[in-house]
Amino acid sequence: MSEIILYDIIGMNDGVTAWSPNTWTVRFTLNYKNLKYKTRWLEFQDIEIAYKETNAKATSTRSDGSPYYTLPVLYDPATKTAIADALPIADYLDRTYPNPRKVFPEDTRALHAAFFTAMFSLLEMQMYRLIVLPGLVNAGPRAVDYYRWSKESLFGMTLEEITPTGGPLREGLWKEIESGWKQVAGWFDAASGGEIGERRKPFMGGEKPCYADFHIAARLICVKAIWGPQSEDWRRMSGLDGGRWANYLEQFHEYMHVDTQLR
Ligand SMILES: N[C@@H](CCC(=O)N[C@@H](CS)C(=O)NCC(=O)O)C(=O)O
């Protein structure tokens, strides 16, 4: 293939679902830059194939020292470059294809690094815990054993312990998520210098999205895909902060193209 290849995990909830937050961030980046690419869809248990096909290096290891294979992986035939992980991929794409636009506006890379740390501690692990168990269904029937092994060995807990299905533990996670989103909402307000209503800037990047926006939108898409758009959980999350996050997601339409052809 002469086009860039994005390796993504196929979701089984509803036809071909693009559900992985980290691969979504890369898809947004490719779409935003108008780059031509194809998607190679792998089932969850087959992620290692991306590394075999491209010679990409796994960036982390499991507790037994073996490579931890995750997606996204991106292969660019123009430069014969194979990279794993959303952030190094975005850095590579900005460096190699700075035009027509970068996802990291000039001199915002350090602020982005601070943003990732803040997002992770405020929200991401808490949201992740609420999708790990239902994610098993979306990974598809052939992935069940691998998925369970992968997540349980990472957390040192069963899937059912990672994702409490009720009770105070679940509510506690929700409370943290609610307060996390409230703080993120404050960041957006700050970006507009206190302006509200029509003059409020839509994105963390101002009038145009930047990587931080894609990072957030990707996580909203992921929880919506796994919980389901009609689920009680999605209703709860999308209703937070006056329905702000569902409205926010709608602004990404022009960057949401998904190459659904299986290959
Ligand atoms: N640090 C990586 C993390 C990638 C990651 O965790 N990807 C998930 C899908 S969103 C995955 O492939 N998980 C495989 C597994 O847990 O076995 C990145 O930012 O891209």
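Leu-159 touches Val-132, Leu-133, Leu-136, Tyr-147, Arg-148, Lys-151 and Glu-152, leaving aside residues up to four places away in sequence; here, contact means heavy atoms within 4.5 Å. The structure is a predicted model, in which local features need pLDDT of at least 70 and side-chain atom pairs count only at pLDDT 80 or more, while totals for chains, interfaces and linings use all residues. Residues are numbered from 1 along each chain as its sequence is written, and side-chain values use heavy atoms, with hydrogens and water left out.

Leu-159 itself lies in helix α6, which covers residues 159-162. Helices (H or I, at least four residues) and strands (E, at least two) are DSSP runs, numbered from the N terminus. With 0% relative accessibility, Leu-159 counts as buried. The word buried stands for under 20% relative accessible area, exposed for over 50%, and partly exposed for what falls in between (1.4 Å probe, protein chains only). One of the residues that Leu-159 touches is Tyr-147; the two are 12 residues apart in sequence, and their C-alpha atoms are 9.5 Å apart in space.

Along the principal axes, the C-alpha atoms fill a box of roughly 50 × 50 × 35 Å.

How much of the chain is buried? Buried residues make up 49% of the 263 residues. Among contacts with a separation of 6 or more, 69% are between residues 24 or more positions apart. The accessible surface of the chain comes to about 12,500 Å², and 54% of this belongs to carbon and sulfur atoms. Such areas come from the Shrake-Rupley method with a 1.4 Å probe; for residues, only the protein chains shown count as cover.

As for charge, the chain has 30 positive and 33 negative side chains, and the centres of the two sets lie 3 Å apart. Lys and Arg count as positive and Asp and Glu as negative, while His and the chain ends are not counted. The place of a charge is taken as NZ of Lys, CZ of Arg, CG of Asp or CD of Glu.

The chain is divided into domain 1 (4-96) and domain 2 (109-254), with bounds that come from an automatic or database domain assignment. Taken over C-alpha atoms, the centres of the two domains are separated by 20 Å. Across the boundary, 23 residues of domain 1 are in contact with 29 residues of domain 2.

Is Arg-27 buried or exposed? Its relative accessible area is 0%, so Arg-27 is buried. Not counting residues up to four places away in sequence, Arg-27 touches Leu-6, Asp-8, Ala-18, Tyr-37, Thr-39, Trp-41, His-257 and Val-258.

Some details of the backbone also deserve a look. Most residues other than glycine have a negative phi, and most peptide bonds are trans. A cis peptide bond, with omega about 20°, joins Leu-71 and Pro-72, and Pro-72 is found in the loop between β5 (67-68) and β6. Another cis peptide bond joins Asn-99 and Pro-100, with omega about 10°; Pro-100 sits in the loop between α3 and α4 (109-139). The loop between α3 and α4 also contains Asp-107, whose phi is positive, near 60°. Asp-107 is exposed, with a relative accessible area of 73%. Lys-80 has a positive phi too, near 55°, and lies in the loop between β6 and β7. With a relative accessible area of 67%, Lys-80 is exposed.

Finally, His-253 is found in the segment after α10 (240-250). His-253 counts as exposed, at 61% relative accessibility.
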